[in-house]
Amino acid sequence: LCSDKGFTVRKCYVEREKATKEICLRKYVCGRQGFRAAKHINKAINKRKARNITRCGCLAKLVIALDKETRLWFVKDFVDEHNHPLAPPDLSCLLRSHRKISDEQKLISLRWKLQGHHGGYDKVGFVSRDIYNFCYQYKLKAIAGLDANTVICHMKKRQERDPEFFFKYVVDEEGHLKHLFWSDTQSRLDYGAFGDVVVFDSTYRTNRYNLPFVPFVGLNHHRSTVVFGCGIITHETSEAYEWLLQTFLAAMAQKHPISVITDGDLAMQKAIRTILPNCNHRLCIWHIERNIIRNLHNSKIREEFTVFLYDQCSIEEIEKKWGEFMERNKISSKHAWVLQMYQMRNLWCAAYQVGRCFLGLRSNQRIYESLNSKLHKCLKRKMSLFDMLQHYEQCVSDLRRNEAKLDSDASQSIPFTEPDADSIEKDAAHIFTPKTVSVIMLSSKYLMMGVKRTTYIIASKNKRDYKFYVDCDFKDAILDTIGCTCRKLQRDGIPCGHIFFVLKIMHAERIPKCCVNSRWTMTAKSAFPPIRKSSMYDSCQSLLKYRELRNLSHEAAFKASQSNETYEHMKHVLNQIVGSYDDCSAQIEHGRYGPVLSQALHPELANDEKVQDPVKVKPRGAPKKGKRMEAFQKKKREVTCSQCKQKGHNRRTCPKLKEL
């Protein structure tokens, strides 16, 4: 019912005939009809976080009744007006009443393994090793020995279908792939909306060529990971990173981010200073904490050094503390890592980052968490570039599906607020996304210590020694700008609890525009319509027909199995079809069982500007354990006899011991 509409449908009321107990009247209402019961709102003790409010008193309804004389159903009442925004068409499939698991899908889900699906291992016809060999041979045939060329052909064909798809690559003198960057249409649109802070990490080495895999990611309006693009480089040099950043900016119409977060790679730091000179740069705290454990073995020095990561005092104070730290621990040239970190302290010390826009991010591990969980499970060091591209696209698809679900929930619900909450807090629940509302600090934790003209002095109830100053600027008796010394509004784009407290004192009923950053609202992507479906692969017509027939046949087979007559009829029809096409393998178009590659459909692409596979890069750092052991074994060792203390022999072959 209303499967293509942007609202859920709920059964509300039913009447039955007294004699036969048959339904004679049914009332359907909008899923947001009515209000949440008071007993669920006014709970004295909440053991868990309250769910978002979905009921808003919508009056849309449909009432149908059964005519007792004609026994026909007719519409008795119909209201088609909603008091809430409807979900967009691309999200209507995620609404509760629009989701349904069919009977055949339930059966397939319960019996998904091959043995259960076929009725036992003796009816499968093969073992797992056969499937593994087939998949391996199929991949070899798919890339045809030209891994890099296969990827480039894919991207060329995809750019033909989607002109907004961007990719660029560089080859060396011998034609080997050197650098590669790509970004699809949705990633470029996401950067236009959420490209104020960019995080990228070059620690991924998940391919057989040992090339650094560098995804560019950020935060969307649900504080979830969003991918802007991805790059592959051969060597981690400043020139390679400069090319990568220049290509990234070219794909994003030369829009520079406000801030970037990276690991501690020196070549990357140099490239950022060259290409993004006006950009705030911060090193990942997670990487620094790991390096602290690795380089500082003295627990006292380690604890004192860690304080600089989180101490948000003034720059004058932090410089004084640095001097005391150096003198107290006698830091000299022996502590090379500490001196190196001191020279780049403006990139990681919290005191130097106060007020800079990083959206509350200190580490790239927070934003890579959802991406890491999938990439590290799927990507392996022996993967080809084409396999890596497939898994990357699958990870991006999962992230976008999660964003679509959050968009659907946010469009059809409002974050829960306490019954005694002020109007300004309820207004925030209507403006910001639910994930953003959950990180806004409550204003009930503060006290006003004084007022100086348009400056309010605020302190916490528990820590009254720490004071915050909220400055208000009025224009024509209307609040124009507002700021707090904690600088959360400038740093995270979200008003702090001190500002909320001052607005309550001013009896403000709505949040002023100066406190609303559109990137944290549901209208963040209103100017960028989402493209949620991926079009990475070409599929031949036979495979498209197969998918359609497979879905239809699953439903037909389930229904036919419920009746012996229908079962025999369907079995007879299927046997006739199978018997008329015995040579099934000859009918498969292009001999492809999966997504058809671009060069398979268009052979001319494979010969046009053929790109050779990258040269395998030798990793930086210490050699592997096997190589160290091999070098150790090759090294000639001089043996000393424990009996006569002479060199060149041992106790067993000692000539003096033999004489005795």
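In the predicted model, the count of salt bridges comes to 21.

Glu17 and Arg71 form a salt bridge in which the closest N and O atoms are 3.2 Å apart. The pair links distant parts of the chain, 54 residues apart: Glu17 belongs to the loop between strand 1 (9-16) and strand 2 (23-30), and Arg71 to the loop between strand 3 and strand 4. Glu17 has a relative accessible area of 17% and is therefore buried, the limit for this class being under 20%. Arg71, by contrast, is partly exposed, with a relative accessible area of 37%.

Arg71 also belongs to the turn of a hairpin formed by strand 3 and strand 4, which has six residues between the two strands. In this turn, Arg71 adopts a positive phi of about 60°. Strand 3 (residues 61-66) pairs with strand 4 in the antiparallel sense, over six bridges. Leu66 has Trp73, in strand 4, as its bridge partner.

A salt bridge also joins the side chains of Asp184 and Arg400, with an N to O distance of 2.9 Å. Here the linked parts of the chain are 216 residues apart, Asp184 being in the loop between strand 6 (177-183) and helix 6 (185-194) and Arg400 in helix 14 (residues 385-411). Both partners fall under the 20% limit for burial: Asp184 counts as buried at 8% relative accessibility, and Arg400 is buried with a relative accessible area of 12%. Asp184 and Arg400 are, moreover, members of a network of salt bridges that also includes Arg158 and Glu393.

In the salt bridge between Lys504 and Asp422, the closest N and O atoms are 2.7 Å apart. Because Lys504 lies in helix 18 (residues 497-505) and Asp422 in the loop between helix 14 and helix 15 (423-431), this pair ties together parts that are 82 residues apart in sequence. Lys504 counts as partly exposed at 27% relative accessibility, and Asp422 likewise counts as partly exposed, at 28%.

Positive charge is also found in a surface patch, formed by Lys43, Arg48, Arg51, Arg96 and Arg99. Residues of such a patch have no salt bridge and over 30% relative accessible area. Arg96, one of the patch residues, is found in the loop between strand 4 (73-79) and helix 2 (103-110). With a relative accessible area of 71%, Arg96 is exposed.

Note on methods:
Residues are numbered from 1 along each chain as its sequence is written. This is a predicted model: local features need pLDDT of at least 70, side-chain atom pairs count only at pLDDT 80 or more; totals for chains, interfaces and linings use all residues. Side-chain values use heavy atoms; hydrogens and water are left out. Patches are made of residues with over 30% relative accessible area and no salt bridge: like charges are joined within 9 Å, nonpolar side chains (Val, Leu, Ile, Met, Phe, Trp, Tyr) within 5 Å. Accessible areas come from the Shrake-Rupley method with a 1.4 Å probe; for residues, only the protein chains shown count as cover. A salt bridge is a side-chain nitrogen of Lys or Arg within 4 Å of a carboxyl oxygen of Asp or Glu. Lys and Arg count as positive and Asp and Glu as negative; His and the chain ends are not counted. The place of a charge is taken as NZ of Lys, CZ of Arg, CG of Asp or CD of Glu. Helices (H or I, at least four residues) and strands (E, at least two) are DSSP runs, numbered from the N terminus. Buried means under 20% relative accessible area, exposed over 50%, partly exposed in between (1.4 Å probe, protein chains only). Two strands pair if DSSP finds at least two bridges between them.
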